[in-house]
Amino acid sequence: SPRGWVHRDPVELRNAEWEIILQPGDLILDLHIPRKDVLNAETCSASYAMAIEFFARVFPDCAHKALFCHTWMFSPQLPQFLPLTSAIVSFQREFYLYPNPGTVSYLCAFVFGGNEDFQAAPRDTALRRGVLDWLAGGGEIFDLAGLMFHGPNTWGTQPRVYDNVNIPD
């Protein structure tokens, strides 16, 4: 699923129903998210546009096929307790998430400064409260990676795959 969940039942696709958009050897750009910038469609789109311009100028023979990012913000549990309009969920929606091994430690490094003592962790933001309540309720949280295949001019306009969809337990 684009939300990072593995479907329980196999999905069968006919060759005529899909096309290969990424294969071994294709170039992808690895995205880094600096903490100092505002996370919204405008700043993300501008940053991506600068990266495209830079790589086209410095590496003119190397066109990229996708953008890659691995971040705690891709924890698929976050849309369960953050508003679907939050910057984190909106950022997450731009990527096709895929399962990979992850832990709560990665999220804790950024959300709680590395502190994994959840009893003493601050509850001063909606994100921190949501994470702590989720974990206290027996839920787990882990980071994922994601790929994005569209360009900066369409950032913020991708289909909202989370709307009206049940997320598995």
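Modeller: We begin with a definition: pLDDT is the predictor's confidence in each residue, from 0 to 100. This term is needed here because the model is predicted.

Biologist: What does the protein average in pLDDT?

Modeller: The mean pLDDT of the protein is 83, and 93% of the residues score at least 70.

Biologist: Where does pLDDT stay under 50?

Modeller: Where pLDDT is low, the predicted coordinates should not be read in detail. In this model, residues 162–169 stay under 50. The model has 18 contacts beyond four places in sequence for residues 162–169.

Biologist: In which helix is confidence lowest, and in which is it highest?

Modeller: Confidence is lowest in helix H4, residues 104–111, with a mean of 85. It is highest in helix H5, residues 126–136, at 93.

Biologist: How many helices and strands are there, and what pattern does the protein follow?

Modeller: The protein has 5 helices and 4 strands. Along the sequence their pattern is β-α-β-α-α-β-α-α-β.

Biologist: What can be said of contacts and burial?

Modeller: Considering contacts between residues at least 6 apart in sequence, 77% join residues at least 24 apart. Of the 169 residues, 33% count as buried, where buried means under 20% relative accessible area.

How values were computed
Residues numbered from 1 in each chain as written. Predicted model: local features only at pLDDT ≥ 70, side-chain atom pairs only at ≥ 80, totals over all residues. Heavy atoms only, no water. Helix = DSSP H or I, 4+ residues; strand = E, 2+ residues; numbered from the N terminus. Contact = heavy atoms within 4.5 Å. Buried < 20%, exposed > 50% of the residue type's maximum accessible area, 1.4 Å probe, protein only.
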